[in-house]
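Trainee: Could we go through this model together, beginning with the burial of its residues and ending with the sheet?

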Amino acid sequence: MARLIFDSTDEEQDLPDGSPCQEECEKHGIPFACTEGICGTCIVPVLDGMDNLSDPTQAELDFLGADGVKTERMMCQCKIKNGTVRVRN
Ligand code: FES
């Protein structure tokens, strides 16, 4: 079981390992537009647990760069592998 924590409210959501992040992020106020890694609307800082997210997609690397994906991710592209991830919403 994986856990996504939303920093502004400290709300937590348990998800099966390997779940996409998008649906829960939308419920917690993170905006989405293209949902394809093109627009950057869904980029959020990852405050803790970056290693528990899936590897960055090519779309994320193209938009954020190799350094950018160390601190921020596109929530339309990420899956939570396991463990706990805290994002700023
Ligand atoms: S919603 Fe456009 S990049 Fe994620």
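Trainee: What share of the 89 residues of the protein chain counts as buried?

Mentor: This is a predicted model, in which local features need pLDDT of at least 70 and side-chain atom pairs count only at pLDDT 80 or more, while totals for chains, interfaces and linings use all residues. Residues are numbered from 1 along each chain as its sequence is written. A residue is buried if 20 or more other C-beta atoms, placed from the backbone, lie within 10 Å of its own, exposed if 12 or fewer do, and partly exposed in between. By that rule, the buried share of the protein chain is 27%.

Trainee: Which radius of gyration does the protein chain have?

Mentor: The radius is taken over C-alpha atoms, and the globule rule is 2.2 Å times the number of residues to the power 0.38. For 89 residues a compact globule would come near 12 Å, and the protein chain agrees with this, having 12 Å.

Trainee: In which sense do β1 and β7 pair, parallel or antiparallel?

Mentor: Two strands pair if DSSP finds at least two bridges between them. Arg3 stands opposite Thr84 in β7, and with five bridges in total between β1 and β7, the sense is parallel.

Trainee: What is the order of the strands in the open sheet of five strands?

Mentor: On one side of β7, strand β4 (residues 43-48) is joined to β7 by two bridges and runs antiparallel to it, with Val46 opposite Val87. Strand β4 also pairs with β5 in the antiparallel sense over three bridges, where Arg73 is the bridge partner of Val44. The edge strands, each pairing on one side only, are β2 (11-15) and β5 (72-74). With mixed pairing, the order is β2-β1-β7-β4-β5.

Note on methods
Helices (H or I, at least four residues) and strands (E, at least two) are DSSP runs, numbered from the N terminus.
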